[in-house]
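Here is my notebook page for this one.

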Amino acid sequence: MSNEYSHSVILREDRCIGCTSCLKVCPTEAIRVRDGKAKIISDRCIDCGECIRICPNHAKSAITDDLNMMKKFKYNIAIPSLTIYGQFPSNISISQILTSIKRIGFDEVVEDTIGADISIFLIKEYLLKKPGMEFPLINSSCPAIIRLIQIRFPDLIPNIITIETPVEITARIAKTEVAKRKGIDIKDIGVFFITPCTARVTSIRNPLGITESYVNGAISIKDIYGEIVRNLGDNNNLIKGISTRESILWPIAGGQASALGIENYLAVDGIHDVIKVLEEVELGKLEDIDFIECSACTGGCVGGPLVIQNSFIAKNRLMKHAKKVDISKYTKEDLDRFIKMYEDGFIRLTEKIEPKSVMRLDKDLSKSIHKMELVTEILKNLPGLDCGICGSPTCRAFAEDIVKGENKKAVCMIKTMNGFKSKNL
Amino acid sequence: MGNISYNFPIEKDDFERAGEASSKIKKILRQLGMDSSIIRRVAIGAYEAEMNLVIHSLGGTIGITIDPESIIITAEDTGPGIENVQLAMKEGYSTAPDRIREMGFGAGMGLPNMKKCSDSFDIESIVGKGTKIVMKMMLKDGD
């Protein structure tokens, strides 16, 4: 397994014109424009995909896996993200979508309903009631938020619910079950997540909270959409869906929280709003809240960077599908089984999520203080417009880059222009 | 020994910007590479002080001085001053008017919380002149 941190979000240099659109929206100030091209600071990037969304030239892109990867395995399982049901007109049923995905060449299609329902059920009936929990609990399902917390809110790591994300739960159950049923070695089974999410792609390659993901590849909804459309139409031998109402609503902002049947929660979507709320949590002002559902994408997972459909339309369609199916039903025995799976570490985040101090100026505190003094000194001479023309997102970031020695050719255009003006007078 | 100081002016009743100073302080400490637990304590102390200035005072400043051994937060205002400091330090004691309490502030925990998160806490207040609070947080080795 490669330990090198590889990101899903990448820059296609040929398309980048060096504008400053992405600089401004990056929640971790991970982008600089150098020599006319955007550069991503790897350590800081949380793969939220904000830059992909904003780039007018489509220079920000995502690396995902392609269907050729299936050749590596004897038996291939597709787990389509629940958001996929909202990507087609409402008259196309979930069964038709699932069947069409299978026809692309998968041996089996497993619905992510399994993981979503188990996760909801465990949080609702077990984790919210478990002694020693750090409130407010924060959902673990959004990988961009987990990475944001590592970098900007390390104090809140204990609040993250230590349950695996639905797709990981589904993958584990599906893989183990197929291995048993078909007598195939688990290594020969490939699990592919059809994803709306760039951060999920990264988390499959570099998992957080677990040692290795049971998901082998992630295929972008954008990439596979055409294949699905081409395979629709033949309505023979349709796969019977098992979706529950809660799971279909899961990928919509607020869906996860409302499925818990509690009133005392916050559902926050959009990474910049999430930051505002987490700042309040950090100040200890929201300890009376039970659960905070944070979603980096506006609208929830349906607003992911790799979807086809506008999130508002997708949401409407998901709600229509949800109305047609039953609510999830589980027995006491099911709950005991899920708790055991959790406690045994099968669907629990067993590894510690470590803080990442990528924002600091220096490892040594005295040196850090000295550098901070320099930053403050430089800032006094900058216009404070945060225009981004220098290639750093703010004047402050510009000063920090100089002090850290990362920006040797730094020039403030505004200051230079003003210099010319005063000479002409 | 190297130290660094910042001052943030705080205006009376400026609820729109309330919390900005403590937010900036938090960001500075994060960049200095301070330990999370100390950042949290400083942030809470600074936030409570900032809110007190907004709600109760006629305006003032929040200052922070950081050196490798300690962090000192100073909150200074120009009045009205606290009549009975001992009483004000009691948990739950509040002089905040109803309209402020309705907003969720003024629970009477401001000063006690500041004291709780500091290693040393000093308060001086003269009615008609103003209040000065000094909170000191020590940095342990390795912070």
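This is a predicted model: local features need pLDDT of at least 70, side-chain atom pairs count only at pLDDT 80 or more; totals for chains, interfaces and linings use all residues.

**Entry 1: the cores.** I looked up the largest nonpolar core and found that it has 102 residues. The residues with the most contacts inside this core are I77(A), A144(A), I145(A), V191(A) and A296(A). I picked A144(A) and set aside its neighbours within four places in sequence; its contacts are then I46(A), D47(A), C48(A), A199(A), I271(A) and A296(A). Another core, of 43 residues, lies apart from the largest one, and its members include V403(A), I44(B), I62(B) and I73(B). As a reminder to myself, nonpolar side chains tend to be buried together in soluble globular proteins.

**Entry 2: positive phi.** Most residues other than glycine have a negative phi, and I went looking for exceptions. D47(A), already on my list as a contact of A144(A), has a positive phi of about 60°. D47(A) sits in the loop between β3 (37-40) and α2 (50-54) of chain A. Is D47(A) buried or exposed? I count D47(A) as buried because 26 other C-beta atoms lie within 10 Å, and the cut-off for buried is 20 or more.

In chain B, D13(B) also has a positive phi, near 60°. Its place is the loop between β1 (4-10) and α1 (20-32) of chain B. D13(B) has 12 C-beta neighbours inside 10 Å, so I noted it as exposed.

**Entry 3: cis peptide bonds.** Most peptide bonds are trans, but I noted two cis ones here. The bond from F135(A) to P136(A) is cis, with omega near -5°, and P136(A) is in the loop between α4 (113-127) and β7 (137-138) of chain A. The bond from G79(B) to P80(B) is cis too, with omega near 10°; P80(B) is in the loop between β3 (70-77) and α3 (85-88) of chain B.

**Entry 4: a helix pair in chain B.** How do α2 (residues 36-56) and α5 (residues 110-117) of chain B cross? Their axes come within 9 Å and cross at roughly 155°, which means that α2(B) is roughly antiparallel to α5(B). The crossing is left-handed. On the α2(B) side I found R41(B), I44(B), G45(B), E48(B), A49(B), M51(B) and N52(B); on the α5(B) side, G110(B), N113(B), M114(B) and C117(B). These contact residues divide into five nonpolar, four polar and two charged.

Key: Residues are numbered from 1 along each chain as its sequence is written. Chains are lettered from A and ligands numbered from 1 in the order in which they are written. Helices (H or I, at least four residues) and strands (E, at least two) are DSSP runs, numbered from the N terminus. Axes are lines fitted to C-alpha atoms, for helices over the stretch in contact, and angles run from 0 to 180 degrees between N-to-C directions. Angles under 35 degrees count as roughly parallel, over 145 as roughly antiparallel, 65 to 115 as roughly perpendicular and the rest as oblique. A crossing is left-handed if the near helix is turned anticlockwise from the far one by less than a right angle, and right-handed if clockwise. Two residues are in contact if their C-beta atoms, placed from the backbone, lie within 7 Å. Ala, Val, Leu, Ile, Met, Phe, Trp, Tyr, Cys and Pro count as nonpolar, Asp, Glu, Lys and Arg as charged, and the others, Gly among them, as polar. A nonpolar core is a set of buried Ala, Val, Leu, Ile, Met, Phe, Trp, Tyr and Cys residues joined through C-beta atoms within 7 Å.
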